[in-house]
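My entries follow in the order I made them.

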Amino acid sequence: PLITSQSLFEKAYEKDYAIGAFNVNNMEIIQGIVDAAKEERSPLILQVSAGARKYANPIYLKKLVEAAVEDSGLPIVLHLDHGESFEICKQCVDDGFTSVMIDASHHPFEENIAITKKVVEYAHAHGVVVEAELGRLAGVEDAVNVSAADATYTDPDQAQEFVEKTGVDALAVAIGTSHGAYKFKGEPNLDFARLKAIAAKIPGTPMVLHGASTVLPEFVKICNQYGGQIPGAQGVPEAMIREAARHGVCKVNIDTDLRLAMTAAIRKEFAEDPTNFDPRKYLGPGRDAIREMVKHKIRNVLGSSGLV
Ligand code: G3H
Ligand code: 13P
Ligand code: NA
Ligand code: ZN
């Protein structure tokens, strides 16, 4: 069934694992992710960005996710990723999403509180859970491009005040991750001391790690080998994701790794068989690559296998 994340997070919070939240944009991406979760018997969060709604048309995504729930029998959360306003959050609640993110992190603190609180009131009245963000990640967040200089880490005291005043269910924190394929110039580094300090201030509140793709080197290599140009791509090492899951991070957001897996498979297919012009014969390998990558993540990194 379509479920909220509440009971998933309660259990994940107490244990060393986290739930993967995967961005979905079309049928093959959804099928690849859901088939992996089915094989691993893992609960799942499928998340839809404003860009995804614009690309696929909201009704198509909703119906595809319903089909995935029916076909897999898995507990699946349908989540709005980076909702920009009360209005888009309300729209998704009304459309049957079970979770929404209000991302008002680019507004001043008090305004972030006010907007988040309004979303919480509406969503909770409809049985929907809410994620909000405090602090700003560098990188591209939907329409918002945050430069490294404008990125700010989450302040633990502010986190406490924010959670108390808004009643939000989960908090996205900024501890050094960023969106996209170029997360670190030098050595990867996350501020785990800060994560622990935030967790101590908001005990029991699940935290969310955005920009949590690992940018798996095998896919970067295949892309570059077959005509792609993504040199220097680098993500969050798997060990750091495991560490975050031990300290209150219950939701791990992954989009870039899906994009890279699918693109690597399609580039390889095109290079190896230039006569192939059947979309099923390149989207199919793209879907397979997503499935195998997500299986690996669920089993070896997130640790949510065997829960259903
Ligand atoms: O937060 C960013 C996600 O990767 C979604 O990306 O806005 O291009 O769909 P998008
Ligand atoms: P990545 O770009 O690291 O996959 O992050 C995705 C994300 O945070 C979606 O909200
Ligand atoms: Na955990
Ligand atoms: Zn994000």
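**Entry 1: Lys-297.** I started with the neighbours of Lys-297. Leaving out residues up to four places away in sequence, Lys-297 touches Phe-22, Thr-214, Ile-254, Asp-257, Leu-302 and Gly-303. Contact here means heavy atoms within 4.5 Å. I placed Lys-297 in helix α12. Helices (H or I, at least four residues) and strands (E, at least two) are DSSP runs, numbered from the N terminus. Is Lys-297 buried or exposed? Lys-297 is buried, at a relative accessible area of 2%. Buried means under 20% relative accessible area, exposed over 50%, and partly exposed in between (1.4 Å probe, protein chains only). I then checked for a polar partner: the side chain of Lys-297 makes a polar contact of 2.7 Å with the side chain of Asp-257. A polar contact is a pair of N or O atoms within 3.5 Å; within protein, one must be able to donate a hydrogen and the other to accept it, and residues adjacent in sequence count only if both atoms are side-chain atoms.

**Note on the source.** This is a predicted model, in which local features need pLDDT of at least 70 and side-chain atom pairs count only at pLDDT 80 or more, while totals for chains, interfaces and linings use all residues. Residues are numbered from 1 along each chain as its sequence is written, chains are lettered from A and ligands numbered from 1 in the order written, and side-chain values use heavy atoms, with hydrogens and water left out.

**Entry 2: the ends of α12.** I looked at both ends of this helix. Asp-278 caps the N-terminal end of α12 (residues 279–302), with a side-chain oxygen 2.9 Å from the backbone nitrogen of Arg-280. Just after α12, Gly-303 takes a positive phi of about 80 degrees.

Entry 3: His-82 is buried at 5% relative accessibility. His-210 is buried too, at 1%.

**Entry 4: ligand 2.** His-82 turned up again here. A polar side-chain atom of His-82 lies 3.2 Å from an oxygen atom of ligand 2. A polar backbone atom of Gly-180 is 2.9 Å from a ligand 2 oxygen. An N or O atom in the side chain of Asn-253 is 3.2 Å from an oxygen of ligand 2. The protein covers 96% of the 310 Å² of accessible area that ligand 2 has on its own. Accessible areas come from the Shrake-Rupley method with a 1.4 Å probe; for residues, only the protein chains shown count as cover. The elements giving two or more residues to this shell are β3 (76–83) and β10 (249–254).

**Entry 5: sodium.** The sodium ion (ligand 3) is coordinated by Ala-12 (O), Lys-15 (O), Tyr-17 (O) and Ala-245 (O), at 2.3 to 2.5 Å. Along the chain these donors follow A-x2-K-x1-Y-x227-A. Tyr-17, in the loop between α1 (6–14) and β1 (19–23), is 228 residues from Ala-245 in helix α10 (residues 238–245), and the pair links these distant parts of the chain. Tyr-17 is buried at 12% relative accessibility. Ala-245 is buried at 2%.

**Entry 6: Glu-243.** I stayed in α10, where Glu-243 lies. Glu-243 is partly exposed, at 22% relative accessible area. Not counting residues up to four places away in sequence, Glu-243 touches Phe-192 and Lys-196.

**Entry 7: positive phi.** Most residues other than glycine have a negative phi. I looked up two exceptions. Arg-41 has a phi near 50 degrees. Arg-41 sits in the loop between α2 (27–40) and β2 (44–48), and is partly exposed at 45%. Val-215 has a positive phi of about 55 degrees. Val-215 is in the loop between β9 and α9, and is buried at 3%.

How values were computed: Donors are N, O and S atoms within 2.8 Å of the metal (3.2 Å for Na, K and Ca); water is not among the atoms, so sites may look incomplete.
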